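Visitor: Could you take me through one part of this protein up close? I'd like to see how the inside is put together.

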Amino acid sequence: MDEKTLAKEVYERLSKIYKNPKIDLEFDNPFELLIETVLAAQERDEKVNSIRKSFFSRFKDSKALKEAPLEDIKEEIKSISFYNKKAQAIKDIATILTDKFGGKVPDTEEELTSLPGVGKKTANMVIANAFNKPAIAVDRHVHRIVQRLGLDDNKDPDKTTEHLKSLMDEKHWTKFYLLLLRHAKEVCTAKNPKCHECVLSDICKSFGNVK
Ligand code: SF4
């Protein structure tokens, strides 16, 4: 089976299981999702969700976050891993958003990746989920499952993003990535993937061979 046919088959099978695939981070607007995505690096989404109400009631927008003392930001996120570095990172992002983008989160990969510490994955995560525009965000879960399936063999997730985009019509990008993400989190887990329950087992090149 060639890669495009495999991608289509994966899409169709997973669509039947995950009717409305979504990310686990909860958010009310692009600013919240952008900040949360930075906080979620090497941290569980549930942990970020647990502090979001308190955090965003204190720092409602980029201006409030820009002007807040660093110590106040740290205090709000101290349960999150690497909170010292992340506090500085989100303050830096808020500063550029306020000064250069009029407080509005931009909706293009080029503009988003011009923000300090914002890479292709974070940019596409925001574009796909907060702006509902076609995008593919390759995080460690998506990267893992596409390698196991044999849809991609790039070590660099940014190259994987471009490769996955070439396999699917643009209008399907966001749903394709969200389906892969859900299946990677729920079945094709990093440790002990549930290969014997997996609907992709007969078309997966790693079936019975995951270390
Ligand atoms: S068969 Fe196993 S390795 Fe392949 S996609 Fe399913 S869970 Fe992942």
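Guide: Let's look at the nonpolar core, and then at the parts around it.

A word on the ground rules: this is a predicted model, where local features need pLDDT of at least 70, side-chain atom pairs count only at pLDDT 80 or more, and totals for chains, interfaces and linings use all residues. Numbering runs from 1 along each chain as its sequence is written.

The largest nonpolar core has 57 residues. By nonpolar core I mean a set of buried Ala, Val, Leu, Ile, Met, Phe, Trp, Tyr and Cys residues joined through C-beta atoms within 7 Å. Buried means that 20 or more other C-beta atoms lie within 10 Å of a residue's own, against 12 or fewer for exposed and partly exposed in between, with C-beta atoms placed from the backbone. I90, I93, V126, I136, V142, Y177 and L180 have the most contacts inside this core. At least two core residues come from each of α1 (3-17), α2 (30-39), α3 (45-58), α6 (83-100), α8 (120-129), α9 (140-149), α10 (157-167) and α11 (173-186); helices here are DSSP runs (H or I, at least four residues; strands are E, at least two), numbered from the N terminus. The top contributor is α11, with eight residues. Both domain 1 (3-22 + 135-203) and domain 2 (30-129) put in at least three residues, the bounds coming from an automatic or database domain assignment.

Zoom in on V142 and you'll find that it touches Y177, L180, L181 and A184, leaving aside residues up to four places away in sequence. A contact means C-beta atoms, placed from the backbone, within 7 Å.

Now for the domain boundary. The centres of the two domains, taken over C-alpha atoms, are 27 Å apart, and ten residues of domain 1 are in contact with six of domain 2. On the domain 1 side, α10 and α11 each supply at least two residues, and α10 gives the most, with three. That side has six nonpolar, two polar and two charged residues (nonpolar: Ala, Val, Leu, Ile, Met, Phe, Trp, Tyr, Cys and Pro; charged: Asp, Glu, Lys and Arg; polar: the others, Gly among them).

Finally, α10 itself: T160, T161, L164 and L167 are buried there. They sit on the same side of α10 because they cover an arc of only 125° around the axis, taken from the directions from the helix axis to the C-beta atoms. Their cover includes α1, α8 and α9.

Terms used: Two residues are in contact if their C-beta atoms, placed from the backbone, lie within 7 Å.
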